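Try each task on the structure before you read on.

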Amino acid sequence: MDFKDIRITVIGAGIGGLAVAYLLQRFGAQVTVLEQAEEISEVGAGLQVTPNGVAVLQAMGLADDLAWCSQRARAVVLRHHREGREVLRLDLDQYAHDLRYYFVHRADLINLLADAVRRSGAQVRLLQKVNSVVPGARPTVQLANGAKCCADLVIGADGLHSRVRPTLNSSAAPKFTGQVAWRATVPNRFDLPAEAQVFMGPGRHLVAYPLKDGSLVNLVAAQERRQWAEESWNHGDDPENLRQAFAMFGGLAAELLADVRDVKLWGLFRHPVAQVWGRDGVALLGDAAHPTLPFMAQGANMALEDAYALANCLSAADDLETGLAAYQARRQSRAAKVVEAANGNAWKYHLRAPLSWPAHQILRVAGALAPQKMVSQFDWIYRHDETAR
């Protein structure tokens, strides 16, 4: 498809929105990104860019920049919650040395993508809150200030509370999983290596890994509980609530939690994968299409995959609607499979006695006898290369 004179509006300047804006602008489209915040920023949290996400950044010419602002992951280490003893080490250097995993601060990845978007010539407009989108041959975006703007294609990359998703899909109430998660960063006064430490406890687990130049540690703590919490990344909580929830954790885990001074809490909800991803000049990507629980570290990576697939499908199609149909056919089943894997993964870290001891023993034996198999069990996620299609 010839992108000359094609106007595209991307709603949301997150990871997926910025990535697709850059890719489409590079194809020759005239791209405008609308962001409701007063600045493009992400603060206070880390994420894992797994090899499937790195493949997209590589195709965008940004993988080397990512390497400069992140920590390359060397291992994933599962530990007992009380004394921190090692249960299983997944050695990425030895058994996945051909792949690149990174621990990166969200703000650094957002800045990397935002700089690339600005260099590409795409326009970024801040303080643009979207009320609704009307599909059609020339879809219309209705802004909260009363203004309207039209485009040939509107892309909803506006997250799990998307204003665009209801344009294409009937509303479905999310289901509380019975789990909440806290996120925080603390100083790396323990000189933690570039490894993901997973402390497994009854009904809860804690993940810790270094960020930036190794000076910070990212913490994500998930707990099973009946008490509901708001589904928001920006809901503040008292650090003492986090420490009380993990009071049975000892050793390094307890010391990391003791250093938390500012923490965010969010409820974990399951959302159905969208039935319609693109139609009548409107498309969805990332959490707007398939909100994903954080238990496979795939939220950002799937958004990057979506961005590349959408741009690629549109470029190969004769017209927008054909490209949108190809995009949905290419991405929907994979997204659903990854979402389901994330839905079912947390319980493995939350086993209670008497099941936890034999389960941990099985992990130790499996790690000793078949380390390559243990590392490669999710190759269908991490070795997937959306850019090779």
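**The second largest cavity**

Task: find how much space lies in the second largest cavity, and name the residues that line it.

Solution. Start with the volume: the second largest cavity holds about 30 Å³ of space. Before going on, note that this is a predicted model, where local features need pLDDT of at least 70 and side-chain atom pairs count only at pLDDT 80 or more, while totals for chains, interfaces and linings use all residues. Residues are numbered from 1 along each chain as its sequence is written, and side-chain values use heavy atoms, with hydrogens and water left out.

Next, the term itself: on a 1 Å grid over the protein atoms alone, a cavity is a set of points where a 1.4 Å probe fits but cannot get out, a pocket is an open set with protein on both sides within 12 Å along at least five of seven lines, and lining residues have an atom within 4 Å of a point. Points join across faces, edges and corners, and the volume is the space filled by probe spheres set on them.

Now pick out the lining: M200, G201, K348, Y349, H350, L351, S356 and H360. Two elements, β14 (195-201) and α11 (356-369), each give at least two of the lining residues (helices are DSSP runs of H or I, at least four residues, and strands runs of E, at least two, numbered from the N terminus). Sorted by class, the lining has three nonpolar, four polar and one charged residue (Ala, Val, Leu, Ile, Met, Phe, Trp, Tyr, Cys and Pro count as nonpolar, Asp, Glu, Lys and Arg as charged, the others, Gly among them, as polar).

Turn to the second largest pocket, with about 240 Å³ of space.

**Two partners of α1**

Task: how does helix α1 sit against α9 and against α5, parallel or antiparallel?

Solution. Take α9 to begin with. The axes of α1 (residues 15-27) and α9 (residues 299-316) come within 8 Å and cross at roughly 25 degrees (axes are lines fitted to C-alpha atoms, for helices over the stretch in contact, and angles run from 0 to 180 degrees between N-to-C directions). So α1 and α9 are roughly parallel (under 35 degrees is roughly parallel, over 145 roughly antiparallel, 65 to 115 roughly perpendicular, the rest oblique). The contact (heavy atoms within 4.5 Å) includes L23 and F27 of α1 and A303 and A307 of α9. Its residues are 14 nonpolar, two polar and no charged.

Now α5 (residues 106-120): its axis and that of α1 come within 9 Å, crossing at roughly 25 degrees. That makes α1 roughly parallel to α5. Among the residues in contact are L18 and Y22 of α1, with L109 and L113 of α5. The contact has eleven nonpolar, two polar and one charged residues.

**α9 against α10**

Task: which way does α9 run relative to α10?

Solution. Read the angle: the axes come within 8 Å and cross at roughly 155 degrees. That makes α9 roughly antiparallel to α10. Then check the contact, where the α9 residues include E305 and D306, and those of α10 include R330 and R334. By class there are twelve nonpolar, two polar and five charged residues.

Task: where do P354 and L127 lie?

Solution. P354 is in the loop between α10 (320-343) and α11, and the peptide bond from A353 to P354 is cis, with omega near 5 degrees. L127 is in the loop between β8 (123-125) and β9 (130-134); its phi is near 55 degrees, a positive value in a residue other than glycine.
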